Amino acid sequence: MKSLIPFWNILVKDMKNYYLKPPNISWGIIFPFAWMLMMFIKTKSAFDINQVFPGIVAMSVLFGTTSMLSVTITFERKSRSFERLLLAPIKIELLVTSKITGAILFGIFNSTIPVLISVLYFKAPVANWFFLATGIVFLSIISTLLALFISVSAKEVFEAQTYSNFYRFPMIFLCGLFVPVSALPIIFRPLSYILPVTYGVDVLRYSIDSTNNLTPLLSIIVLTAFCLFLFYLSIFNIKRKWIL
Amino acid sequence: MLVGMAKITSGKLFYKDEDLTKNIKKAQRFFGVVADESNLYDEMSGYENLCFCASLFGIPKKTRERKAIELLKAFQLTEAANKKFKAYSKGMKRKLTIAAAIIHEPRILFMDEPTTGKDIASVRQIRNMIKDLHKKGTTIFLTTHYIEEAERLCERVALINKGKIIRIDTVANLIEQTRESNITEISFEENSLDKNMILENFGKKFSNLEYVLKNETTIKISSKEKIDIAPIVNHLSEEGFWVNDAKLIKPTLEDAFVQITGIEIDLMKKEKK
């Protein structure tokens, strides 16, 4: 119970200091809105919301979480305020969980804009709200953990952002965001399945029109395994790199 | 290593006979750390920073709020309580950083160069705070390059050279060990008397003392034994000098440091720069 006090306060501090700042809130709204608009303009009359919906939701979550977490972690490390957290008697697992929770919630918030626009304006036929929510939550967690993994290795915010681009942009094409994995050249398909976002997008596809490649349960199991792997790998790296 | 920012490579960490070498998180409950740079949150106010730091130690909301107010008052920061940390002056930042390190009432406080780069008023205030904390029973590990600060504040001093402790003892013992002779300086009003002649007479009367005219108005006297000042002052008065000051020159911790390490202070400062 006592450990919940630092957990909650780190989360609240991050929310106030970073995520709830007007530029970030507006970014969280404008970014997915701009993507929706771009798709709408590009496809004009033949706008198939089912096709673009998983991609836009996934991109909003992916870019939102990865950008913000790399800022909060790298910035705090550079200003040495992260040192203050490491000096507190909090287990490192709890500390990392509280740091990433803010980014996960930010990712979920980012996804609400495309979901609302798709459902309310474009009448996207969500078949399974539970799996839609599950997919978004998992996408948010996995994107945050990818950002954490990168942030632990970066010294500067710009470094973290640059490294993030190395996986963010290929993921747009390889993870079935807009082009289904089954439509990719066969040579790229194995690559798709070693990227965790593929499984999150597949769950989203199941929730909207059941055009998924894997069963949602299998995708969730794989996503859980990826989450655990990235979480402990990041903790291992923090201990190795930051606690000299 | 002790505070958990580096892995313990050798030795053990004991707290009250309990081996905490492998449970540094438990040890951190008893520790407070003042880093060499103020590492609080720029976007938060002084009050919010203190409350947040207390929360990291699991202190409940009401208690941490009360403590934050008490500390802001004690550190004369009440008026700046709601100002953002980034708007604080360097001295205020330092004080708040110390307050943040003691809000959970640590039994051991680590302070890394707490007064470096601060104005005189802040330095004096911080030194008084350190003294007060020590009086209240907090054990303080103070790292400093200001050797006079160590002499003034510390009971035991570890002299470190090239990363190794080369001597550890009380300030008095360290100084005493390096004392080679007793030195007294006697100052007098400027006059037109023949000082060479008078010094010659002085030498005849006090043959056990070594003496030198330091400048036109000061004689420096040294001896292996204790120096009795009264007969010297009387003698000089009889010779027509108007003595206005006589003081025993005590060796300082700096002298002890130079002698023990063989490093001149100036060289050390240059190396640090």
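Visitor: What should I know about the ground rules?
Guide: Residues are numbered from 1 along each chain as its sequence is written, chains are lettered from A and ligands numbered from 1 in the order in which they are written, and side-chain values use heavy atoms, with hydrogens and water left out. This is a predicted model, where local features need pLDDT of at least 70, side-chain atom pairs count only at pLDDT 80 or more, and totals for chains, interfaces and linings use all residues.

Visitor: How many helices and strands does chain A have?
Guide: Helices (H or I, at least four residues) and strands (E, at least two) are DSSP runs, numbered from the N terminus. On that basis, chain A comes out with zero strands and 10 helices.

Visitor: What is the radius of gyration of chain A?
Guide: It's taken over C-alpha atoms, and the globule rule is 2.2 Å times the number of residues to the power 0.38. For 244 residues that rule gives 18 Å, and chain A is close to it, so the chain is as compact as a globular protein of that length, with a radius of gyration of 18 Å.

Visitor: What share of chain A counts as buried?
Guide: Buried means under 20% relative accessible area (1.4 Å probe, protein chains only). Out of 244 residues in chain A, the buried share is 55%.

Visitor: How far apart are the centres of the two domains of chain B?
Guide: The bounds come from an automatic or database domain assignment, which gives domain 1 (14-143) and domain 2 (181-249) in chain B. Taken over C-alpha atoms, the centres of these domains are separated by 51 Å.

Key. Buried < 20%, exposed > 50% of the residue type's maximum accessible area, 1.4 Å probe, protein only.
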